[in-house]
Amino acid sequence: MWEIKVFDEDRELLEFIAEQLLAYSLRSDPVHIALSGGATPKALFQFIAKSDIRDAVEWKNLHFWWGDERMVPDSDADSNYGEAKRLLFDLTDIPAENLHPINGALALESELARIDEESQAALDTLHGWPSFDWVMLGVGEDGHTASLFPGQVDYNADTCWVPASHPETGQARISLSAEAIGHAQRVSYLVIGAQKAEIVVKVFADDDSADEYPAANIYSFEGDTEWLLDTNAAKLFMADEG
Ligand code: 6PG
């Protein structure tokens with residue numbers, strides 16, 4: 001299923017996700033979730049850290065991964081894992097073994113092999129691919145998602161994790177591949193802010209102009225894909241829809 005949900009307030013969007021996390025945590029089996037990076041999820045981490053939901057979540061049932069990571073130490077403000085740990089996980093009782101970061105301080109190639117081995121060992125599979133229960137993604141103003149940038153994406157990569165580099169800064173990254181994300185049970189794009197309004201229109205275009213934007217081509221093949229937008233990010237798209 002492919003769905004767009006627009007929330008009047010950012011808080012409502014964050015509350016929706018927090019409640020989904022709570023629901024996943026009450027399942028009987030362990031749940032594996034890949035988080036997005038960048039600024040948007042920081043608002044989510046801060047929201048959960050301050051909400052009653054934080055102490056209601058059964059953190060021991062949730063395992064967190066990162067859909068992409070910058071190859072920097074986790075003390076660096078650019079570290080997706082480092083920021084999630086500082087803003088949320090250090091404030092919970094989640095067992096350390098439930099956090100599966102990419103170690104950005106290590107050599108990319110060896111870390112790529114290690115995280116691939118770890119995810120192959122930990123996750124259930126779908127058609128032979130490790131299958132995350134939930135992959136949260138953001139979208140850049142150029143239409144990238146995770147660290148899958150326009151013109152850089154191999155949609156037929158046969159590995160779960162791929163090396164990448166930021167097209168402007170050259171920053172080395174490790175990212176889930178498009179194929180790996182496609183084998184997730186659920187893919188959710190979290191999009192907040194007026195600065196994303198234009199790319200939302202481009203990604204949702206129903207002609208092949210959207211093809212150049214990775215976020216338009218990356219979705220759950222057999223599960224659910226949803227776009228969770230605040231009204232600022234959705235405003236141009238909603239205006240076009242009339
Ligand atoms: C990253 C992300 C990246 C991010 C988008 C949106 O590591 O940078 O995974 O794909 O989701 O760039 O970033 P913002 O939330 O900062 O706009």
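**Surface, fold and salt bridges**

Analyst: This is a predicted model. Phenylalanine 221 sits in the loop between helix H8 (214-217) and strand S12 (224-230).

User: Is phenylalanine 221 buried, partly exposed or exposed?
Analyst: Phenylalanine 221 has 37% relative accessibility, so it counts as partly exposed.

User: Which residues make the nonpolar surface patch of about 330 Å²?
Analyst: Trp2, Tyr219 and Phe221 make that patch.

User: Zooming out, how many helices and strands are there?
Analyst: The protein has 9 helices and 12 strands.

User: What share of the residues is buried?
Analyst: Buried residues are 54% of the 242.

User: What about contacts between residues 24 or more positions apart?
Analyst: Counting contacts with a separation of 6 or more, 78% are between residues 24 or more positions apart.

User: Switching to charges. How many salt bridges does the structure hold?
Analyst: There are 13 salt bridges in the structure. One of them joins the side chains of lysine 42 and glutamate 83, at 3.3 Å from N to O. That pair links distant parts of the chain, with lysine 42 in helix H2 (residues 40-50) and glutamate 83 in helix H4 (residues 80-87), 41 residues apart.

User: Are lysine 42 and glutamate 83 buried or partly exposed?
Analyst: Lysine 42 is partly exposed, with a relative accessible area of 25%. Glutamate 83 is buried at 9%.

User: What does arginine 86 meet in a salt bridge?
Analyst: The side chain of arginine 86 meets that of glutamate 83, at 2.6 Å from N to O. Glutamate 83 therefore has salt bridges to both lysine 42 and arginine 86, with arginine 86 partly exposed because its relative accessibility is 49%.

User: Why are arginine 86 and glutamate 83 separated by about one helical turn?
Analyst: Because they are 3 residues apart in helix H4. An α-helix has 3.6 residues a turn, so residues three or four places apart point the same way.

User: Where does glutamate 226 come in?
Analyst: The side chain of glutamate 226 forms a salt bridge with that of arginine 186, at 2.6 Å from N to O. This pair also links distant parts of the chain: glutamate 226 is in strand S12 and arginine 186 in strand S11 (residues 186-191), 40 residues apart.

User: Buried or exposed, those two?
Analyst: Glutamate 226 is buried, at 6% relative accessibility. Arginine 186 is buried too, with a relative accessible area of 11%.

User: Which residues are in the salt-bridge network with Arg186 and Glu226?
Analyst: Glu3 and Lys5 are linked with Arg186 and Glu226 in that network.

User: Back to the helices. How much of H4 is buried?
Analyst: In H4, 6 of the 8 residues are buried, so the helix is largely enclosed by the rest of the structure. Those buried are Asn80, Tyr81, Gly82, Glu83, Ala84 and Leu87. They pack against H2, strand S3 (62-66), strand S4 (68-70) and strand S5 (99-100).

User: And H2, which residues are buried there?
Analyst: Thr40, Pro41, Leu44, Phe45, Phe47, Ile48 and Ala49 are the buried residues of H2. Their packing partners are helix H1 (10-25), strand S2 (31-35), helix H3 (53-56), H4, strand S8 (134-137) and S11.

User: Last one, helix H9 (residues 231-241). Which residues are buried?
Analyst: Ala233, Ala234 and Phe237 are buried in H9. Viewed down the axis of H9, the buried residues fall within an arc of 65°, so they line one face of the helix. Their cover includes strand S1 (2-7), S11, helix H7 (197-203) and S12.

User: What follows H9?
Analyst: Glycine 242 follows H9, and its phi is positive, near 75°.

How values were computed: Residues are numbered from 1 along each chain as its sequence is written. This is a predicted model: local features need pLDDT of at least 70, side-chain atom pairs count only at pLDDT 80 or more; totals for chains, interfaces and linings use all residues. Side-chain values use heavy atoms; hydrogens and water are left out. Patches are made of residues with over 30% relative accessible area and no salt bridge: like charges are joined within 9 Å, nonpolar side chains (Val, Leu, Ile, Met, Phe, Trp, Tyr) within 5 Å. Accessible areas come from the Shrake-Rupley method with a 1.4 Å probe; for residues, only the protein chains shown count as cover. A salt bridge is a side-chain nitrogen of Lys or Arg within 4 Å of a carboxyl oxygen of Asp or Glu. Helices (H or I, at least four residues) and strands (E, at least two) are DSSP runs, numbered from the N terminus. Buried means under 20% relative accessible area, exposed over 50%, partly exposed in between (1.4 Å probe, protein chains only). Contact means heavy atoms within 4.5 Å. The arc is that of the directions from the helix axis to the C-beta atoms.
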